[in-house]
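Student: Could you take me through one part of this model up close? I would like to look at its aromatic rings and what surrounds them.

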Amino acid sequence: MADDYLVRIGKLIRDARQHRGWTQTQLAEALGTSQSAVNRIERGNQNISLEMIARIGEALDSEIVSLGYAGPMHLRVVGGRRLSGSIDVKTSKNACVALLCATLLNAGRTTLRRVARIEEVYRILEVLGSIGVRTRWINDGNDLEIVPPAELDLDAMDTEAARRTRSVIMFLGPLLHRMDHFKIPYAGGCDLGTRTVTPHMTALRHFGLEVTATEGTYHAHVDRTVAPKRAIVLTERGDTVTENALLAAARHDGVTVIRNASSNYMVQDLCFFLEQLGVRVEGIGTTTLTVHGVAQIDRDVDYAPSEDPVEAMSLLAAAVVTESELTIRRVPVEFLEIELAVLEEMGLDHERSAEYTADNGRTRLIDLTVRPSKLSAPIDKIHPMPFPGLNIDNVPFFAAIAASAQGQTLIHDWVYDNRAIYLTDLNRLGAQVKLLDPHRVLVDGPTRWRSAEMMCPPALRPAVVVLLAMMAAEGTSVLRNVYVINRGYEDLAERLNSLGAQIEIFRDI
């Protein structure tokens with residue numbers, strides 16, 4: 001029995017390592033042990049302590065064990081079932097984490113409505129709580145109240161939680177106004193290849209921030225004599241880069257112009273929130289933002305972030321691959337218009353309600369009904385562009401949709417270094433996905449999906465794409481170690497089950 005236990009742990013570690021793209025030697029170096037020891041662990045031939053399993057999980061950014069539970073979470077999927085009914089889109093993950101970082105600007109109480117209860121939010125809350133920010137769920141756990149202390153205790157920061165989320169880099173913008181010297185851990189999150197932080201540093205240097213990186217930590221120093229003298233031109237039109245620049249500009253007592261800014265959904269929500277704090281932002285929805293900052297912010301504010309267009313796309317893809325009729329309510333249509341135009345060209349049968357306004361009073365919503373459709377491959381390749389182009393995070397869903405369509409589709413995911421590689425996991429489920437290079441795949445459809453047991457990809461959107469394909473495949477599939485899905489989706493399995501899916505959550509260690 002003990003030997004079987006060690007073999008199962010070894011298999012989980014091996015799969016997690018391979019998904020990370022590491023050799024046994026690389027994992028051994030991260031653990032300070034030998035390649036032969038890693039080999040014995042993976043074959044189940046070596047006793048291994050919980051402490052060592054936890055160290056391996058941290059090195060691989062994979063929940064090999066979950067202290068306080070029986071083990072990492074897995075999903076057992078009985079596929080081939082049609083979905084039906086209607087479902088509401090939840091609030092935006094990316095907006096919520098940006099707003100949580102933005103609460104560091106405010107000395108007053110912030111109430112955020114219908115915050116997504118996901119692992120990414122929990123990690124930020126753990127970091128905020130460790131440095132003295134008081135947070136509590138209110139109104140039956142639907143809303144979140146945030147009250148900052150007079151002084152932050154950055155030395156007490158929960159570094160383990162901080163390293164498990166890339167969003168912690170957005171602490172730089174608010175913190176540079178609160179202290180002259182501070183440090184934060186390297187940002188983590190999905191395994192999507194090297195994401196340079198240089199654009200962040202280039203933008204924030206205009207506010208006097210200088211950062212050096214040593215031993216897994218950013219060491220920040222702020223020169224109070226430096227202030228923006230001209231427009232800040234972002235070298236990358238990234239969402240978090242734009243948000244960091246906005247957070248720095250919000251408490252700069254003057255006017256800051258940010259050019260080549262992202263105008264994506266989470267950036268717009270942040271701008272709307274800053275306006276609640278008394279910061280005037282001109283050009284929302286464009287690539288030039290003019291920020292009229294204020295030196296001190298002390299307001300009690302109440303804000304409702306808008307719905308998540310990527311979750312809406314996930315649910316739309318679920319309907320397509322399972323050949324179901326489904327109504328998706330509260331869809332932020334202005335951030336899905338290109339995707340819907342492409343799908344319309346492919347032959348998607350759908351119907352849209354009249355537009356109405358989100359709880360933030362600004363974002364346009366619709367209810368979208370998707371029906372079973374005979375899809376053809378798009379004429380042009382699928383590739384992301386900054387808003388208002390096709391959303392970067394929606395590209396992986398087109399792999400599952402293309403696999404359900406007649407013909408050949410080229411998908412070019414030029415933003416991330418290796419996310420396209422994870423789309424080849426669909427081949428285990430019967431798809432024909434050919435990797436052309438680390439950024440491009442060729443998808444041939446239609447697909448006769450088949451069940452499989454596999455490890456969850458370490459990137460959020462490809463992981464959900466695999467789950468959707470399992471829902472379409474006849475038979476029983478198993479998706480192991482789904483922490484990455486829980487980072488970005490609240491109760492996804494239960495919500496899909498409410499539509500007719502059959503997904504069981506289980507733990508086996």
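Tutor: Start with a rule: a charge sits over a ring if NZ of Lys or CZ of Arg is within 6 Å of the ring centre and within 35 degrees of the ring normal. Keep in mind that this is a predicted model. Now apply the rule. The charged end of arginine 76 sits over the ring of phenylalanine 506, 4.0 Å from the ring centre. Look next at tryptophan 137. Arginine 117 lies over its face, at 4.0 Å from the ring centre.

The model has three aromatic pairs. One of them joins tyrosine 265 and phenylalanine 335. Their centres are 5.9 Å apart, with 65 degrees between the planes. That angle makes the pair edge-to-face, because planes over 60 degrees apart count as such. This pair links distant parts of the chain. Tyrosine 265 belongs to helix α11, residues 265–276. Phenylalanine 335 is in the loop between β14 and α13. The two residues are 70 residues apart.

Phenylalanine 273 is in α11, while tyrosine 303 is in strand β13, residues 301–303. They are 30 residues apart, and this pair also links distant parts of the chain. Phenylalanine 273 is buried, at 0% relative accessibility. Tyrosine 303 is buried as well, at 3%.

Tyr265, Phe335 and Phe387 form one aromatic cluster.

Threonine 256 is in strand β10, residues 255–259. Its relative accessibility is 1%, so threonine 256 counts as buried. What does threonine 256 touch? Leaving out residues up to four places away in sequence, its contacts include Phe207, Pro228 and Ile232. Ala249, Leu289, Thr290 and Val291 are also among them.

Finish with some strands. β18 and β20 pair in the antiparallel sense over six bridges. There, histidine 412 has arginine 440 in β20 as its bridge partner. Strand β19 also runs antiparallel to β20, joined by five bridges. Lysine 434 stands opposite leucine 442 in β20. β19 and β20 form a hairpin, with two residues between them.

Notes: Residues are numbered from 1 along each chain as its sequence is written. This is a predicted model: local features need pLDDT of at least 70, side-chain atom pairs count only at pLDDT 80 or more; totals for chains, interfaces and linings use all residues. Side-chain values use heavy atoms; hydrogens and water are left out. Helices (H or I, at least four residues) and strands (E, at least two) are DSSP runs, numbered from the N terminus. Buried means under 20% relative accessible area, exposed over 50%, partly exposed in between (1.4 Å probe, protein chains only). Contact means heavy atoms within 4.5 Å. Rings of Phe, Tyr and Trp (its six-membered ring) pair if their centres lie within 6.5 Å; planes under 30 degrees apart count as stacked, over 60 as edge-to-face and the rest as tilted. Two strands pair if DSSP finds at least two bridges between them.
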